[in-house]
Structures are given as structure tokens and as C-alpha cells.
Amino acid sequence: MDYDYSDLVAQSKQWVNEVSSAGWLSEEDARPLLEYDVRTPDSLFSESQSRPLIVAFLGGSGVGKSTLLNRLAGEDIARTGVERPTSKEVTLYHHRSVELSKLPEALPIEKIKMAAHDDESKKNIIWIDMPDFDSTEEKNKELVLGWLPHIDVLVYVVSPERYRDNKAWQILLAEGGRHAWLFALNQWDKGQPEQYDDFVKQLKQAGFDNPIVYRTSCVSDPEKSQQDEFATLQNTIASLANEHTIEQLELRGLNIRKNDLKEKLQSSLDKMGSTDAIQQLVQYWQSSWPMTVDVLQKGFDWPLQQMSSIYAQQAGHLLSKRKKQSNAESEPEIERSVLWDDWAQGRYTDKLDELIVKADQLQLPIKPIKLGLLPHREKAGRTIHAQTELAARQALANPGNKIQRVFLKFARFCEFVLPLAAIGWVSYQVLKGFHDSNTTDQAYLSTDFAVHSGLLLALSWLLPFFLRKQLKPSLEKSALKGLKQGLSQAMATIEVDVETALKQTAEQREKYVAKVLPILEQCKEAPTTKLEGEGEALKRMLIQ
Ligand SMILES: Nc1nc2c(ncn2[C@@H]2O[C@H](COP(=O)(O)OP(=O)(O)O)[C@@H](O)[C@H]2O)c(=O)[nH]1
Ligand SMILES: [Mg+2]
């Protein structure tokens with residue numbers, strides 16, 4: 001048993017488990033790898049011992065498999081049709097020295113009939129008679145399929161009238177490349193040359209260029225069994241039962257299995273989409289999100305106005321809440337109209353669904369993309385809410401633009417300074433008048449002076465007051481401006497959030513791909529010395 005190979009299968013299974021639980025492969029696509037089996041002929045034997053060649057008779061019921069094995073053994077070890085029309089067990093005919101070290105669960109010991117012999121010439125071969133595969137017994141089928149991976153050479157037995165047996169033929173088509181095949185057209189005493197030719201033709205179609213078909217006849221009538229080639233069949237098999245051939249067959253089987261594993265891994269990998277496709281998906285998102293933003297913003301026009309007037313009305317409260325954050329808990333909730341309503345959530349969900357449809361079109365598995373986007377479905381509303389509120393608060397804390405604010409400060413300053421200056425000037429004039437009235441005989445204060453002073457005082461106060469009133473920015477406009485600013489910031493945040501989610505999904509894919517590449521690399525073929533040295537016979541037994 002090649003432990004590298006069983007390791008590879010174990011690693012592949014672990015990988016496929018991880019990948020499918022992350023949604024990158026469907027259960028159905030993961031199954032071929034999860035059910036991949038590590039059984040090989042030598043997995044039945046302990047490592048140290050050189051193992052025998054395992055040869056099995058396969059075919060429909062009543063073709064003569066058990067009779068052939070009995071003939072080989074020279075005694076009735078396998079039950080034949082006379083006693084029991086369908087045999088339900090596997091009969092193993094082996095040399096006494098052979099030890100099967102570990103029979104897997106799929107090969108129940110009670111279903112195995114062991115017949116040991118002491119014939120040294122057959123020491124290196126284990127002959128197996130399979131139960132009838134085409135019987136209605138489902139258990140027979142399981143047993144045959146359980147044994148198949150452990151077989152080196154299959155002797156496919158047919159009878160002249162039953163060589164197109166369908167069920168066994170299916171095995172031949174499916175398992176063709178994995179074993180060496182010999183064919184026995186048994187009951188040849190009842191056969192016709194045309195049937196032989198036709199059978200050979202069928203085999204050629206199944207992939208054997210020059211199949212070896214032996215005509216065997218197990219009846220004792222010497223006349224009828226003239227053309228019997230049973231001895232040749234035995235000799236051919238005996239010629240294969242040497243260490244070198246078994247090793248080469250083993251290596252060939254291993255390469256076929258590794259190649260098969262590689263193909264299965266590669267096809268799983270293909271089902272995980274490509275980096276390029278995810279890149280295209282990100283681009284699609286970037287180019288199509290602005291259109292959704294447009295639609296959303298149009299829909300937000302009215303709620304924005306409503307919100308800004310609510311914010312403006314409650315500006316004082318909002319700002320004081322901001323300043324007194326420590327006792328925020330006791331603050332009552334501010335009344336507001338909801339910006340991100342069902343309509344907005346609906347548009348956004350539609351957009352994300354559209355993204356998933358696009359992913360499907362790009363042949364990406366949609367499950368991991370759905371999973372990556374899932375937290376963002378609910379998050380958008382919260383982002384919009386948080387960012388618009390923050391921006392509105394900031395706008396209300398500093399209403400208007402910079403110039404407006406400078407003028408306002410100036411007006412406040414004038415409101416204080418101008419009346420003061422006017423009072424100062426009037427006081428000065430009063431004092432001066434009083435002083436002058438002592439030296440001249442002019443009236444101390446004239447009516448004109450009183451009117452002018454009064455007017456000056458009034459104007460010095462009114463003018464900056466009026467200016468301040470005019471310059472004071474509208475809270476509603478400020479709130480609206482803040483809300484709009486917050487909204488476009490939030491839209492940008494959502495865009496980046498989704499983009500990041502897609503990129504994280506791409507990274508996750510990369511991680512899985514990086515994990516499988518070394519396994520794929522190890523699946524490359526083991527070096528085989530070509531089977532050419534084994535002679536023409538073995539080559540004819542294999543589908544190349
Ligand atoms: N005429 C003829 N009958 C055979 C030959 N080989 C086997 N049989 C008979 O075919 C029947 C089925 O044989 P069996 O070995 O049980 O077939 P299995 O189901 O393939 O194992 C039995 O009655 C055998 O005696 C043969 O070469 N010629
Ligand atoms: Mg039988």
C-alpha cells in the first residue's frame with residue numbers, strides 16, 4: 001500500500017470538507033472526493049510480505065465461474081449451479097502460506113469462503129470466485145463492488161448466449177482502465193465461431209485493441225472440449241504472477257488512481273470560480289452602485305427635508321445633548337423621521353441580490369458570496385443612520401459657512417461696541433456742553449442735540465442688531481446640508497464595505513486554492529518502468 005497515496009486521499013478529503021463547509025462546493029460536487037476510496041490490491045496485505053497476484057472471475061450468473069474455479073482447484077470448492085443457482089459468497093482459493101492481514105469492513109469475513117491449497121506452482125496467485133453480479137441480490141452487488149478495487153486481473157467469464165450481459169459489462173466499461181482483463185468464453189462446447197467474433201468485436205469497442213479471449217469448455221466430453229483453452233488461460237496468469245509484474249501493475253493502478261484524484265481535485269477547483277471572475281464582480285459593483293445611490297438619493301429628498309426641519313426645531317436639545325453626554329441616559333429620545341425605511345432597504349437588498357445573480361453568471365459559487373454579504377444587508381441602515389446624524393449634529397453646532405460665521409461674530413461685536421461708543425460720544429458732548437455753557441451764554445443742551453443723540457444711540461444699536469438677524473444662518477438649511485453630506489459619506493462607506501466583503505471572499509478562495517495546489521502537485525505520476533518488458537500478453541490485457 002502506498003502510504004503517500006492514502007495520505008493524499010486523506011488530505012484531499014480534508015480539503016474538500018473545509019471547502020464545502022465554507023460553501024465553495026455543493027454537497028453533490030464534494031461527494032466524489034469525500035467518497036474517494038484508497039483501496040488497492042495490496043491494501044489487503046501487510047507491507048513487508050511480497051504479495052500474490054489477485055485474480056477474480058467476474059460475470060453473469062450461470063456462465064460457469066464457479067465451475068472454472070473448481071476445475072482449477074481440482075476439487076469442488078465453490079458452489080456451482082447444480083447445488084445452488086446463485087452463489088452469495090466470495091470464494092478465495094489461495095496457498096496456505098498467504099495471510100490476508102487486514103480485511104476492510106466492506107469485505108465481511110462471513111461472506112468469504114476460504115479454500116487453502118499446498119500447490120507450490122500456484123503459490124503466487126489468489127483466485128477469487130465472485131458472487132453473481134446480475135442476480136437480484138443487492139448484497140451480491142455490494143460484495144462484488146467491495147472486492148473490485150483489490151483485484152489485479154479480472155477474468156471476465158461469458159457464455160456463448162450471454163456474452164452481452166449488461167451488468168457485468170457496465171463494470172467493464174467503468175473499471176476497464178483500472179485492472180488487467182482476460183476473457184473466457186466458457187461453455188464453448190455450445191458456442192459458434194460467429195459468437196466468438198462478435199464478442200471480440202464488442203471488446204474492441206470497449207477499448208481493448210487486441211483482447212485475449214480464451215474459449216473454455218468444462219464438460220467432461222472429450223469430443224466437445226477439443227478446443228478448450230483452459231490450460232493456456234492458467235499459463236498466462238501464471239506468467240504474470242511474479243514480483244516485478246505485480247509491482248508494475250500496482251504502480252500502474254496507483255498512477256491511474258492519482259490521476260483520477262487529480263482530475264477530481266481539478267474539477268472541484270474549477271467549480272470554485274476564478275480570481276478573475278471575483279475581480280469582475282467587484283468592478284460590476286463599483287460601476288453599478290452609483291446608479292443605486294442615485295435612485296436612493298432621489299427617494300431621500302422628501303424625508304431629508306422632513307428630518308432637517310425636525311433637527312432644526314430640536315437643535316437646542318440636540319446640541320445640549322452633545323455637550324452633556326455624561327448624563328445622556330436621562331435624555332429623552334429625539335423625535336426623527338426614518339431615512340432608511342423599508343423602501344430604501346428594499347432597493348438595497350435588490351442590489352445585493354443582483355450582485356449574487358451576477359456572481360452566478362460569472363460562474364462563481366454563490367454561497368460564499370451570499371455569506372460574505374450577509375452582515376452587510378442589515379448594516380447599511382445603521383451606517384446611514386449613524387453618519388447622517390453625526391453630520392447633522394456637526395452642521396448644527398457650526399451653522400452656516402465660514403464667511404457667514406465671521407460676519408456674525410463681527411455683528412455681535414458691533415452690537416456691543418457701537419452703542420458703547422455712541423454712549424461715550426453722547427456723554428462727552430454732554431460734559432463738553434456743560435463746560436462750555438459756563439464760559440459762554442449759550443443754552444446748555446439743545447433739543448437738536450437731544451434728538452440727534454437719541455437717534456445715534458438707537459442706530460448704533462439697531463444697525464448691528466439688524467445685521468446679526470439677517471446674517472444668522474438658517475438651522476434648517478444647515479441641518480439639511482449636514483444630512484446630505486452625511487448621506488453621501490454613508491453611501492461611500494457602504495460601497496467600500498461591500499467591496500471589502502467581496503475581496504475577503506476572494507482572499508478566502510485564494511487560501512483554499514493555495515492549500516490544494518501542493519496536493520495536486522503530489523498527484524503527478526509515479527515513475528513506472530514501462531510494461532513493455534512484460535511481453536505482449538499483459539499489454540493486450542490493459543486498456544491503455
Ligand atoms: N455445457 C457446459 N456447461 C457448463 C460449463 N461450465 C459450467 N457449466 C454449467 O453451467 C452451470 C452454471 O455454472 P456455475 O459455475 O455455477 O456458474 P456461475 O454462476 O457462473 O458460477 C452449471 O450447471 C455448470 O455445470 C461448460 O463449459 N459447458
Ligand atoms: Mg458461481
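Predicted model: local features only at pLDDT ≥ 70, side-chain atom pairs only at ≥ 80, totals over all residues.
Local features need pLDDT of at least 70, side-chain atom pairs count only at pLDDT 80 or more, and totals for chains, interfaces and linings use all residues. Residues are numbered from 1 along each chain as its sequence is written, and side-chain values use heavy atoms, without hydrogens and water.

A nonpolar core is a set of buried Ala, Val, Leu, Ile, Met, Phe, Trp, Tyr and Cys residues joined through side-chain atoms within 4.5 Å. Buried means under 20% relative accessible area (1.4 Å probe, protein chains only). The largest core has 62 residues. Trp15, Leu265, Phe300 and Leu502 have the most contacts inside it. Helices H1, H2, H8, H9, H11, H12 and H15 each give two or more residues to this core. Helices (H or I, at least four residues) and strands (E, at least two) are DSSP runs, numbered from the N terminus. H15 supplies the largest share, 15 residues. Another core, of 39 residues, lies apart and includes Val90 and Tyr196.

The strands form an open sheet of 7, in the order S3-S2-S4-S1-S5-S6-S7. Pairing is mixed; two strands pair if DSSP finds at least two bridges between them. S3 (112-117) and S7 (213-215) each have a single partner strand, so one side of each is left without a neighbour in the sheet. S1 (53-58) and S5 (153-158) run parallel, joined by 4 bridges. Val55 stands opposite Val153 in S5. Helix H3 (65-73) packs on the sheet, touching S1, S2, S4, S5 and S6; contact means heavy atoms within 4.5 Å.

Terms used
Chains lettered and ligands numbered in written order. Buried < 20%, exposed > 50% of the residue type's maximum accessible area, 1.4 Å probe, protein only. Axes fitted to C-alpha atoms, helices over the stretch in contact; angles between N-to-C directions.
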